[in-house]
Amino acid sequence: MIDFCIITVTYNSSAYMQYFIDSINKTAEKQAFHLFISDNNSNDFGEIKSICKEATNITLIESNNNYGFCKGNNIAVQEAIKLNPKYILFINPDLFLTTA
């Protein structure tokens, strides 16, 4: 069972992506989670794809248009609810999680 899903919407955010993913993995190490990255037609999607290629708990959603923040989240949440998580967390890719 998935404890929570994390949704982030990106647009040319590859510079933050490795730090973002590392902070989630470190902070949520004992939780079952899945990360959905909804990309808004970024120029750097290939870099994001490369960063995420090894992860089994990340779903990349590539859009052919820049739909903006709201629709990007709505696209990802439609996929996240299929996993029936207890919680869904919406965060920006330039946010880095830490433990208290």
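**Figure 1. Buried residues of helix α2 in the predicted model.** Helix α2 (residues 45–52) has Phe45, Ile48 and Cys52 as its buried residues. Around the axis they cover an arc of only 60 degrees, which puts them on the same side of α2. An α-helix has 3.6 residues a turn, so residues three or four places apart point the same way. The partners against which the buried residues of α2 pack are β1, α1, β2 and β3. The model shown here and in the views below is a predicted one.

**Figure 2. Helix α3 and its buried face.** Helix α3 is made up of 13 residues. From its first C-alpha to its last α3 reaches 18 Å, close to the 18 Å expected at 1.5 Å a residue. Gly72, Asn73, Ala76, Val77 and Ala80 are buried in α3. Seen down the axis of α3, these buried residues fall within an arc of 130 degrees, so they line one face of the helix. They pack against the strands β1 (4–10), β2 (33–39), β3 and β4 (87–90).

**Figure 3. Ser63 in the loop between β3 and α3.** The loop that holds Ser63 runs between β3 (58–62) and α3 (68–80). Ser63 has a relative accessibility of 6% and therefore counts as buried, the limit being under 20%. If neighbours within four places in sequence are left aside, Ser63 is in contact with Asp39, Asn41 and Ile75.

**Figure 4. The stacked pair of Phe4 and Phe33.** Two aromatic pairs are found in a search of the whole structure. In the pair of Phe4 and Phe33, the ring centres are 5.7 Å apart and the planes lie at 15 degrees, so the pair is stacked. Phe4 belongs to strand β1 and Phe33 to strand β2; the pair links distant parts of the chain, 29 residues apart. Both Phe4 and Phe33 are buried.

**Figure 5. The edge-to-face pair of Tyr19 and Phe96.** The rings of Tyr19 and Phe96 form an aromatic pair with 6.2 Å from centre to centre and 80 degrees between the planes, an edge-to-face arrangement. Tyr19 lies in helix α1 (residues 14–27) and Phe96 in the segment after β4, so the pair ties together parts that are 77 residues apart in sequence. Tyr19 is exposed, at a relative accessible area of 55%. Phe96, at 40%, is partly exposed.

**Figure 6. Lys71 and the ring of Tyr67.** Lys71 lies over the face of Tyr67. The distance from the ring centre is 4.2 Å.

Figure 7. Asn12 is placed in the loop between β1 and α1. Its phi is near 55 degrees, which is a positive value in a residue other than glycine. With 31% relative accessibility, Asn12 counts as partly exposed. Asn84 sits in the loop between α3 and β4. For Asn84, too, phi is positive in a residue other than glycine, with a value near 55 degrees. Asn84 has a relative accessibility of 57% and counts as exposed, because the limit for that class is over 50%.

Conventions: Residues numbered from 1 in each chain as written. Predicted model: local features only at pLDDT ≥ 70, side-chain atom pairs only at ≥ 80, totals over all residues. Heavy atoms only, no water. Helix = DSSP H or I, 4+ residues; strand = E, 2+ residues; numbered from the N terminus. Buried < 20%, exposed > 50% of the residue type's maximum accessible area, 1.4 Å probe, protein only. Contact = heavy atoms within 4.5 Å. Expected span 1.5 Å × (residues − 1). Arc of directions from axis to C-beta. Phe/Tyr/Trp six-rings, centres within 6.5 Å; stacked < 30°, edge-to-face > 60°. Lys NZ or Arg CZ within 6 Å of the ring centre and 35° of its normal.
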